Amino acid sequence: MKRILIINGPNLNLLGNREDDIYGKDSLDKIKSDCEKKGKEKNVEIIFFQSNNEGEIIEKIHEVNDKYDGLVINPAAFTHTSIAILDSLRANSKPKIEIHLSNIYAREEYRKKSITSEGVDGLICGFGGNSYLLGIEAICNLIYK
Ligand code: DQA
């Protein structure tokens with residue numbers, strides 16, 4: 001079975017209790033179980049990971065080449081700052097999709113630039129928790145193309 005890693009960046013562990021007008025009322029655990037359900041439908045294994053630590057996220061991305069068939073990543077605030085995460089994405093040869101709950105292009109100026117999206121195959125944003133499910137659809141299309 002193909003294995004898809006979903007990485008979640010800083011503060012996403014607070015979902016449900018964090019600016020719910022922007023990010024919705026679902027907790028990260030609820031999004032995780034929705035993703036696992038979607039994985040069953042698509043016949044892929046979903047491995048879910050969250051960290052508030054840039055180095056841990058980079059080390060997880062390093063594992064993708066050997067251990068996973070594709071990556072879906074919500075780098076959260078690191079999206080707008082992290083050349084180090086961009087470099088680790090570029091060093092990875094597996095299909096990769098960046099996702100965001102909110103439409104980062106309809107928000108503050110400092111969120112309109114995604115540094116990390118320069119290292120992925122495509123970007124999905126603005127669909128709330130559904131961005132994750134669309135990300136799984138998109139990564140499956142890339143893996144099976
Ligand atoms: C986010 C958007 C980022 O700008 C923000 O820092 C987040 C969440 C999203 O999913 O909409 O933490 O990645």
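The accessible surface of the chain, computed by the Shrake-Rupley method with a 1.4 Å probe, comes to about 7,100 Å², and carbon and sulfur atoms account for 47% of that area. The model is a predicted one, in which local features need pLDDT of at least 70, side-chain atom pairs count only at pLDDT 80 or more, and totals for chains, interfaces and linings use all residues. Residues are numbered from 1 along each chain as its sequence is written, and side-chain values use heavy atoms, with hydrogens and water left out.

Turning to the fold, the chain has five helices and five strands, where helices (H or I, at least four residues) and strands (E, at least two) are DSSP runs numbered from the N terminus. Read from the N terminus on, the order of elements is β-α-α-β-α-β-α-β-β-α. The radius of gyration of the chain is 14 Å, close to the 15 Å that the globule rule gives for 145 residues, so the chain is as compact as a globular protein of that length. Here the radius is taken over C-alpha atoms, and the rule is 2.2 Å times the number of residues to the power 0.38. Along its principal axes, the C-alpha trace spans about 40 × 30 × 25 Å.

What share of the 145 residues is buried? Buried residues (under 20% relative accessible area, with a 1.4 Å probe and protein chains only) make up 49% of the chain. As for contacts (heavy atoms within 4.5 Å), among those between residues at least 6 apart in sequence, 76% join residues at least 24 apart.

Note on methods:
Buried means under 20% relative accessible area, exposed over 50%, partly exposed in between (1.4 Å probe, protein chains only).
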